[in-house]
Amino acid sequence: MASVKIYFDRRTPKTDGTCPLKIAVSHKSATRTISTGVSLRPADWDKTQCRVVNRTDKTFLNAYMLKKRQEVEQAILRLGGAIRAMTATQLKDRIEYELTPPDEREAKAKNLLVHNFLKFANTHTQRTKEIYLTTYNHLCRYLQGAINTLTFEDVNKAWLRAFDTYLQQTCPSRNGRNLHLRNLNTLKARQAPFDVLRPNGCVAPLDYTVGLFNRALHFHRERLRLCL
């Protein structure tokens, strides 16, 4: 079972000398922390009693931190036995998801690649859907639990090159890897301009792909005109 406590993180002091006060979640011999937005001077924290001291707003801050701890504990209780299959990182991500208000949760989901990938795949015919799901399975194996937090902004040039390198282990064919990169490109193009990989492995902007499509379209239009 996971344990929860309030943790004063002295490892990363801010420029003003204060340190963040966090909620620590321990699970399977690993600990992950959840931000609370509260920062204190070391002199304002009683490590023995785990309480804020020496501040005029100490009563409010102690009540606030107790409420935050209880919210995390309640989120863990709602998850029940499902946490047994989770790593500490996965549990932390799920708790943060549970604590996010529904409207903010929906806004964040729109920018998550996993949410949009599955939704997009389900709009296609069965065969095309299977191809997209093959790409999705590669992403799951590559990212493991991190796939649930991957955003479109994370998928930059360096990320694409790293993913292409990973794909070489199971897809030695350049054409095979291009298929998966093209699937990512198609999805991303629906959201914002996207960097894609040319067949030679170099990164090219989205207009490279659009340019190829426009040239092919022009070629077929000319063939049709000459045949009439």
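**Buried and exposed sites in a predicted model**

At 3% relative accessibility, Cys19 is buried. Buried here stands for a relative accessible area under 20%, exposed for over 50%, and partly exposed for values in between, with a 1.4 Å probe and protein chains only. Cys50 is partly exposed, at 37% relative accessibility. The model contains 0 disulfides, a disulfide being a pair of cysteine sulfur atoms within 2.5 Å.

This is a predicted model, in which local features need pLDDT of at least 70 and side-chain atom pairs count only at pLDDT 80 or more, while totals for chains, interfaces and linings use all residues. Residues are numbered from 1 along each chain as its sequence is written, and side-chain values use heavy atoms, with hydrogens and water left out.

Confidence comes next. pLDDT is the predictor's confidence in each residue, from 0 to 100. Its mean over the chain is 80, and 80% of the residues reach 70 or more. Residues 193-213 stay under 50. For that stretch the model has 42 contacts beyond four places in sequence, a contact being heavy atoms within 4.5 Å. Where pLDDT is low, the predicted coordinates should not be read in detail.

Now the charged pairs. Side chains of opposite charge can pair when their charged atoms come close. The model has 12 salt bridges, each a side-chain nitrogen of Lys or Arg within 4 Å of a carboxyl oxygen of Asp or Glu. One of them joins Asp9 and Lys22, at 3.0 Å from N to O. Asp9 sits in the loop between β1 (3-8) and β2 (19-27), and Lys22 in strand β2, so this bridge ties together parts 13 residues apart in sequence. Helices (H or I, at least four residues) and strands (E, at least two) are DSSP runs, numbered from the N terminus. Asp9 is buried, with a relative accessible area of 0%. Lys22 also counts as buried, at 17%.

Another bridge links Arg174 and Asp164, with the closest N and O atoms 2.8 Å apart. Arg174 belongs to helix α7 (residues 174-189) and Asp164 to helix α6 (residues 157-167), so the pair ties together parts 10 residues apart in sequence. Both residues, Arg174 and Asp164, are buried. Elsewhere, salt bridges with shared partners join Asp9, Arg11 and Lys22 into one network.

Arg41 and Asp44 form a further bridge, the closest N and O atoms being 3.0 Å apart. Arg41 is partly exposed, at 43% relative accessible area. Asp44 is buried, at 2%.

Turn to helix α2 (residues 88-99). Its 12 residues reach 17 Å from first C-alpha to last, close to the expected 16 Å. That expected span is 1.5 Å times one less than the number of residues. Ala88, Leu91 and Ile95 are buried in α2. They cover an arc of only 60 degrees around the axis, which puts them on the same side of α2. The arc is that of the directions from the helix axis to the C-beta atoms. An α-helix has 3.6 residues a turn, so residues three or four places apart point the same way. The buried residues of α2 pack against β2, β3 (30-40) and α1 (58-79).

Two loop residues remain. Cys50 lies between β4 (45-46) and β5 (51-52). Its phi is near 55 degrees, a positive value in a residue other than glycine. Asn54 is in the loop between β5 and α1. Asn54 is not a glycine, yet has a positive phi of about 60 degrees. It is exposed, with a relative accessible area of 56%.
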